[in-house]
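Q: Could we go through this model together? I would like to begin with a single residue and its surroundings.
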Amino acid sequence: MKGFTKVVLILAVFSFLFGTAITVAAASLGGRMPRAVVINNGWRDGEWFFFSRGSSRHREHSFRTSDDVDQDIREAQEKNGIAADMDIDAVMSSVGCSKVKISAEAVGLEIVEGSTDGTIYLMEAGNLVEWEQEVDDDTLEITVRRKNKRFVDMSWDDEGAQAVLVLPAGETFPEMEIQAEAGCVTAGLLTVSKLKLDASAGDITIDSGEVQELDINCAAGSIEYVGKIGQKLEADCQAGNVELYLTGQKKDFNYEFEVSMGAINIDGESYIRLETEKSLHYDGAVKKAELECEMGNIEIFFSEE
């Protein structure tokens with residue numbers, strides 16, 4: 001018996017030391033515990049979805065039924081002046097957050113302006129759509145994805161794979177990131193100080209943007225931006241297509257760019273397979289553009305207001 005106890009103790013000590021070593025290694029590589037700050041799950045129509053942690057139902061009950069969820073939505077509609085007959089699926093809040101990150105995974109997501117202040121809500125979500133929201137430090141993360149996306153047709157054109165995200169009207173966001181992962185995102189008027197667009201294998205279209213800084217990363221997707229840039233443009237295109245229709249003139253920017261197997265076209269002038277980095281500087285230019293194109297295509301067009 002004593003021998004058995006000794007063996008068990010040795011195994012326990014070994015397991016503890018091994019677990020500690022893994023934890024330290026993970027932390028050194030940037031790992032961390034899962035974010036448990038805000039996710040508050042609910043149940044509706046046989047599916048899990050996620051809702052604002054600040055709701056009264058969350059404070060009162062650890063388990064929320066579909067009736068609880070419906071009551072939360074009604075309360076949010078009344079509080080924020082959202083019409084009761086609108087097909088609202090979730091209401092969110094960016095209070096206390098300086099950045100909003102929006103991800104569309106194998107769905108078609110339309111971003112529009114609402115008529116209320118301080119409220120973000122999801123509506124008209126098809127039966128193939130699921131979503132969640134999290135807050136990580138000062139960032140509100142909204143993910144809209146297709147259910148069981150690994151096992152179904154990935155087309156975002158399906159009616160059931162569509163949703164609309166409504167942002168507060170007239171609000172300028174300090175920072176926003178929009179990602180399309182095998183999905184499609186379209187937005188009308190979008191006013192952001194710092195905007196990042198990331199298309200890994202999807203499409204992003206901004207019809208009327210007003211930004212100070214625009215950061216574009218296009219792996220194998222397509223990005224189209226129409227609007228204004230106040231200070232800085234960064235665009236990295238690996239194997240996709242980037243089209244920018246900017247208000248102003250070519251000489252508003254100073255350019256630094258590099259082309260490998262792709263092509264960069266700036267207001268009708270093309271640059272293909274440059275062996276070294278290229279610079280274009282204009283007297284009086286106060287804006288900066290940094291462009292890198294590997295195997296894709298970057299096109300920039302200018303027009304006066």
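Q: Which residues does I142 touch, leaving out those up to four places away in sequence?
A: In this predicted model, I142 touches M92, V100, K101, I102, S103, I120, E132 and L165.

Q: Where does I142 lie, and in which strand?
A: I142 belongs to strand β8, which covers residues 139-146.

Q: Is I142 buried or exposed?
A: I142 is buried, because its relative accessible area is 1%, and the cut-off for buried is under 20%.

Q: How far apart are I142 and V100?
A: The two are separated by 42 residues in sequence, while their C-alpha atoms are 7.6 Å apart in space.

Q: Turning to the core, how many residues has the largest nonpolar one?
A: It has 61 residues, and M176, I178, L195 and L214 are those with the most contacts inside it. Strand β11 (residues 184-199) supplies the largest share of this core, seven residues.
Q: What lies apart from it?
A: Another core, of six residues, lies apart from it; V91, Y121, M123 and V166 are among them.

Q: What does I178 touch, again without residues up to four places away in sequence?
A: The residues that I178 touches are I102, I111, V185, L190, L195, K196, L197, D198, I204 and I206.

Q: And the chain overall: how many helices and strands are there?
A: The chain has three helices and 20 strands. Of its 305 residues, 42% count as buried.

Note on methods
Residues are numbered from 1 along each chain as its sequence is written. This is a predicted model: local features need pLDDT of at least 70, side-chain atom pairs count only at pLDDT 80 or more; totals for chains, interfaces and linings use all residues. Side-chain values use heavy atoms; hydrogens and water are left out. A nonpolar core is a set of buried Ala, Val, Leu, Ile, Met, Phe, Trp, Tyr and Cys residues joined through side-chain atoms within 4.5 Å. Buried means under 20% relative accessible area, exposed over 50%, partly exposed in between (1.4 Å probe, protein chains only). Helices (H or I, at least four residues) and strands (E, at least two) are DSSP runs, numbered from the N terminus. Contact means heavy atoms within 4.5 Å.
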